[in-house]
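This report describes a protein fold from its computed geometry. Please keep the sequence and the coordinates at hand while reading.

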Amino acid sequence: MDLISMNKYDKRLIIIVLLFVLVLLSLKLVFKSDSNYAYVYYKNKVILEIDLRINREYKVDGYNGEVLIEVKDKKIRVEKENSPLHICSKQGYVSDNTPIVCLPNKIIIKIENKNNNLDAITNWGVIWIQKR
């Protein structure tokens, strides 16, 4: 009994999936945005704009107290904060478009372009979700 018996359609499917993944990865590399700004939100309002090219520390007031944010080598992290599990500070440095979400302090840090424009794919996705 062959555990790995593939017919020609299985092989075609695998090739199509691999090509699709390669196209997506290459598009991500080509259209990679070099964001130099991070925005700190408190209760969905921007309270601080941070230039990631400048290494320094920032203090903002969160729901549970002071939140210390550190910028180093175009990376950002929550260095110190008051929350029960300290998940925000355990996340470490972020340099891509991954947000830092600190729910106990109601703080969100997003790395975005200065003009905050959405790309076409993201914008389409938001419109599609809103129409449903």
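In which sense do S1 and S2 pair, and over how many bridges? S1 and S2 pair in the antiparallel sense, over six bridges. Two strands count as paired if DSSP finds at least two bridges between them. Strands (E, at least two residues) and helices (H or I, at least four residues) are DSSP runs, numbered from the N terminus.

The model is predicted: local features need pLDDT of at least 70, side-chain atom pairs count only at pLDDT 80 or more, and totals for chains, interfaces and linings use all residues. Residues are numbered from 1 along each chain as its sequence is written, and side-chain values use heavy atoms, with hydrogens and water left out.

**Overall composition**

The protein has three helices and seven strands. Read from the N terminus, the elements follow the order α-β-β-β-β-β-α-β-β-α. Of the 132 residues in the protein, 25% are buried, where buried means under 20% relative accessible area with a 1.4 Å probe, protein chains only. The accessible surface comes to about 10300 Å², and carbon and sulfur atoms hold 58% of that surface; the areas come from the Shrake-Rupley method with a 1.4 Å probe.

**The four-stranded sheet**

S1 and S2 belong to an open sheet of four strands in the order S2-S1-S7-S6, with antiparallel pairing. Its edge strands, S2 (45-51) and S6, each pair on one side only. Neighbouring strands of this sheet are turned by 20° against each other on average, direction ignored; the axes are lines fitted to C-alpha atoms, and angles run from 0 to 180 degrees between N-to-C directions.

S1 also runs antiparallel to S7, and six bridges join S1 to S7. Tyr37 stands opposite Asp51 in S2 and opposite Glu112 in S7. S6 and S7 pair in the antiparallel sense over three bridges. Some residues that stand opposite each other across S7 are listed here.

| Residue | Opposite residue in S7 |
|---|---|
| Tyr41 | Ile108 |

S1 and S2 form a hairpin with two residues between them, and Lys43 in the turn has a positive phi of about 50°. The hairpin of S6 and S7 has four residues between the strands, and Lys106 in its turn has a positive phi of about 55°.

S1 is mostly covered, with five of its six residues buried. The largest nonpolar core has 18 residues, and those with the most contacts inside it are Ile50, Ile69, Ile76 and Ile109. Strands that each supply at least two residues of this core include S1 (37-42), S3 (56-62), S4 (65-72), S5 (75-80), S6 (100-102) and S7 (107-112). Such a core is a set of buried Ala, Val, Leu, Ile, Met, Phe, Trp, Tyr and Cys residues joined through side-chain atoms within 4.5 Å.

Leaving aside residues up to four places away in sequence, Ile109 touches Ala38, Tyr39, Val40, Ile69, Ile76, Val78, Pro99 and Ile100. A contact here means heavy atoms within 4.5 Å. Among contacts in the protein with a separation of 6 or more, 34% are between residues 24 or more positions apart.

Notes
Buried < 20%, exposed > 50% of the residue type's maximum accessible area, 1.4 Å probe, protein only.
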